[in-house]
Amino acid sequence: MSGVVTGDAVVLGLRPARLPSRALAVLVDLVVVWAAYLLVTIGLAVATASLDEAAVTAVSIAAFLLVLVGAPIAVETLSHGRSLGKMACGLRVVRDDGGPIRFRHALVRGAMGVVEILMTLGVVACVASLVSERGRRLGDVFAGTLVVRERMPAARVRPVPPPPPWLVGRFAGLDLSAVPEALWLEVRQYLTRARELDPAVGRQLAGRLADELVARTGAPPPAGVPAEAYLAGVVAERQAREARRAFAEAGHGPGRGHGTGRGSGPGHGTGPGAVLGTGDGFGAGGAFGVPAAPVPPAAPSGAPPVVPPASAPPAAGSSREGRPPATGFVPPA
């Protein structure tokens, strides 16, 4: 990684492109440019067949400059440093401060490329790229540019090994707010690669990381706990806290259920998890679970009104819950 410093004093971690990838990108660009130049030359030869030799020479020089020099400059300017070869290889030309290039940068690189690449068959560019610490050729040095890699291979994420079972929950009261992210990253990298290290080097590294964690948390590890087990236990506690926080933020309050039954009138309940629905035998506006008063049948004309018999009072010791509901539905358990 290259420490490129921007104008705002921000260090950018960029990986400069080396000679193999740059040579492949230049080869792709040269194949495309020379193919276009060959087609243009054939077309101009047919179009200028009736001209004299001086005119044909002038047209040929103009075509050479426009196709082999002007076209790469225009492509790099319009694409902000990504020619066809660089797109294929995942490269990009940027300024020394990490910003996109402009026309003047592409012009200097293109003019120097005529000498470095076309006139010397790429020998000067290869030597300069091998000598440079960041793989830059002379055109990059004079233009103040750098070719960097845009596509990086995806790193394989390794899971952190779990701590010993007897250490799970031992660090629940540990204050981890003062531990920086850089230290967490170092501990995680050590735990994922501890089996690949030399045992002596691994123990030394684990002791150093454990001492830094103790200095940040202010609590020493339990007596007799190895440094590697201590690191695994603390990391597991941090992951458990993050998981609980994520579940708490994604949790929902009391839900509201909805149900629909067959009946003549709506009934409503209130409170958390209230159920809205209509039930059999409910009058309009009746409360949920309380049947409406029975409506007597209409008496025929000329007959005395029918009076419903009075219901007997409930016996002592009996309860409303002990009888089946008036709706005929058994309440859920």
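**Charged and aromatic side-chain contacts**

In this predicted model, Y37 counts as buried, at 17% relative accessibility. That value falls under the 20% limit, so the residue is classed as buried. W34 is partly exposed, with a relative accessible area of 41%. Both residues lie in helix α1, which spans residues 19-47. They are 3 residues apart, or about one turn of the helix.

The aromatic pairs number 3. In one of them, the ring centres of W34 and Y37 are 5.6 Å apart. Their planes stand at 85°, so this pair is edge-to-face. Ring pairs also bring in F64, and W34, Y37 and F64 form a cluster.

F171 and Y230 pair edge-to-face, with 5.5 Å from centre to centre and 75° between the planes. This pair links distant parts of the chain. F171 sits in the loop between β4 (145-149) and α7 (181-193). Y230 belongs to helix α9, residues 227-250. F171 and Y230 are both buried.

Charged contacts were examined next. Side chains of opposite charge can pair when their charged atoms come close. The structure holds 17 salt bridges. One of them joins the side chains of D96 and R134, at 3.9 Å from N to O. This bridge connects distant parts of the chain, 38 residues apart. D96 lies in the loop between β3 (91-95) and α4 (103-119). R134 lies in the loop between α5 (123-131) and α6 (138-143). Both ends are partly exposed: D96 has 30% relative accessibility, and R134 has 24%.

R109 and D140 also meet in a salt bridge, at 2.7 Å from N to O. Here, too, distant parts of the chain are linked: R109 is in helix α4 and D140 in helix α6, 31 residues apart. Both residues are buried. R109 has 3% relative accessibility, and D140 has 0%. Each value is under 20%, so each residue falls in the buried class. R109 and D140 are also part of a network of salt bridges that includes R22, E76 and K86.

Another salt bridge is formed by R193 and E196, whose closest N and O atoms are 3.7 Å apart. R193 is partly exposed, with a relative accessible area of 43%.

Conventions: Residues are numbered from 1 along each chain as its sequence is written. This is a predicted model: local features need pLDDT of at least 70, side-chain atom pairs count only at pLDDT 80 or more; totals for chains, interfaces and linings use all residues. Side-chain values use heavy atoms; hydrogens and water are left out. A salt bridge is a side-chain nitrogen of Lys or Arg within 4 Å of a carboxyl oxygen of Asp or Glu. Helices (H or I, at least four residues) and strands (E, at least two) are DSSP runs, numbered from the N terminus. Buried means under 20% relative accessible area, exposed over 50%, partly exposed in between (1.4 Å probe, protein chains only). Rings of Phe, Tyr and Trp (its six-membered ring) pair if their centres lie within 6.5 Å; planes under 30 degrees apart count as stacked, over 60 as edge-to-face and the rest as tilted.
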